[in-house]
Amino acid sequence: MNAPKVPADTSPESHTVRSIVIVFSIVVLVVAVMAVASVRNARRAVLSNDQVNRTHALIGAAGDMLTHLAAAEAALRSYLATGSPYDQTACRQALEDTEEHISVVQALAQEDADQRAQAGRIELLLRQRQEATRTLLEARPSDGTARTPAGPAGDPGISALSSIANEVGRLRSLALAQLGVWDTENYRQAQVTRWTVWGGLGLNIALLGGAGWLVRNDIAARRRRAAVLRADNAELKVEVEHRTAEVQTISHQLEEEKLEERWTTLALEHQVKYNNLVVNSLREPVIVITKLLNISRVNPALLHWTGLNAPGLMNQSVLTLLRPAPGATGLELGNPLELAMSEGRELHDYPALLQDRLQRVRPVVLTLVPLRDGDRVVGGVIILDESRPGTHSALT
Amino acid sequence: MKTHILLVDDETEIRDLIALAFSNRGYRCTSVATGREARQAARNDPPDLIVCDLQLEDEDGLVLLADLKEAVPHAPRILLTGVLLDPKVAETSLAGLISAYLPKPTRLSKVVEEANRLLGRSAPGAA
């Protein structure tokens, strides 16, 4: 059985929440980008710093190498002139120092192809000069005797030194050029980072401002809705009070009607009871009949005269109990009781015979009074009395 | 102070219903069952109007009304009874004793209306 789908929440509040979540997600993203850019820039700065240090070390090492080479040349010249063992030793030492520095230069120039090639050329020239210098050192005895050094044409040392100095100068130029490139790149990166950070900060401030505006709008909307709700509630309250008053009025009316009903019922019961008392207290037998001459009520006096019981008489025809006395007037026209009831006439002192429980008959005189409801005869009342000798009733 | 009505009837349920009908309309009611109690109540707290039945347990309502007329002459007297009298005959022959005759099946609202008329008020309630 498929579960019913829960409708998506599209209320303004959920829209605002979604917007704020999106805004803060973007803020977090921007902060992350700023952090990444800053970290990358810091890493590049460290790398660049290393490169700058290496380049400066290269330049320094090359310079030192040249210095020691120059010292070696000076020591050589002095040795060649003086034959001093001290100068020989100094020259050899300077050449070793030079060896040491060219190794450093080569190591530092490894990372750049041009610098590496240049360092290789410098090393070649240096090796040549070192070889030449060692040859000269070995050729001149170190006896301390002075000799006139060879002139410029016989001494290749100056031109070799000059060549090496030129190559070192080219190496320095390459290194300085690379420094320039690094500086430019570093500046560019710094600018990018600066723009990234400030731009990110500005964007975040704008986003946070936007979020604040959304929140403010949402609060204002909620306040408006709350005001509308309060107004609706006030209207509803008035309506409820009105309806409650209506219900109370109706309830009060119903209570009044119930009271009247109870009163009417009680009053009628009281009335019927009183009427029954009146009828039951009569000495004369009373028979109440319907329009069709059926017995509907008798009083105790009748039961006493006839020895019959009331339930046995109910709904029986009164003619089973009463019949006109023989010789009574009007018999040739039919049963006088039936005729009188059908015509709505009264009968007074009409001679009749009353039959009791033991089938004995008793002469009586009856009075019949039709009961009327407006123009209609709805029943009748028969009152019996002891028959008086010679009493006859003419039809009235 | 609410208008005070003295109710005299030997049947409890009838007394209660009439008292409720008057109370709902802002009257103060004293209900008694006998003539003796009615005389006592009238002495202790004279009513502004009397409603009395004809057949009481201990005496005739008309005798009681005659005594109450002397004791509280300013209070109108309504005869409210289940004994059916001809209204015209009742009001004519009893004119000196009662202010109005009402048979018992009369609606309670009519009884209250008659009381208002006799008290000279358009609405029931406080004096």
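A salt bridge is a side-chain nitrogen of Lys or Arg within 4 Å of a carboxyl oxygen of Asp or Glu. To see one, select B:Arg107 together with A:Glu257, which form a salt bridge whose closest N and O atoms are 3.4 Å apart. The model is a predicted one, in which local features need pLDDT of at least 70 and side-chain atom pairs count only at pLDDT 80 or more, while totals for chains, interfaces and linings use all residues. Residues are numbered from 1 along each chain as its sequence is written, chains are lettered from A in the order in which they are written, and side-chain values use heavy atoms, with hydrogens and water left out.

Next, show the whole interface of chain A and chain B, across which the rule finds two salt bridges. The contact (heavy atoms within 4.5 Å) draws 11 residues from chain A and 20 residues from chain B. Between them the two chains bury about 1,700 Å², 59% of it on carbon and sulfur atoms, where buried area is the accessible area (1.4 Å probe) lost on putting two parts together, summed over both. Now select A:Glu260, A:Trp263 and A:His270, which supply 38% of the area that chain A buries against chain B, more than any other three residues.

Finally, move to A:Arg345, which lies in the loop between α7 (336–343) and β4 (347–355) of chain A. A:Arg345 counts as buried because its relative accessibility is 17%, and buried means under 20% relative accessible area (1.4 Å probe, protein chains only).

Technical notes. Helix = DSSP H or I, 4+ residues; strand = E, 2+ residues; numbered from the N terminus. Buried < 20%, exposed > 50% of the residue type's maximum accessible area, 1.4 Å probe, protein only.
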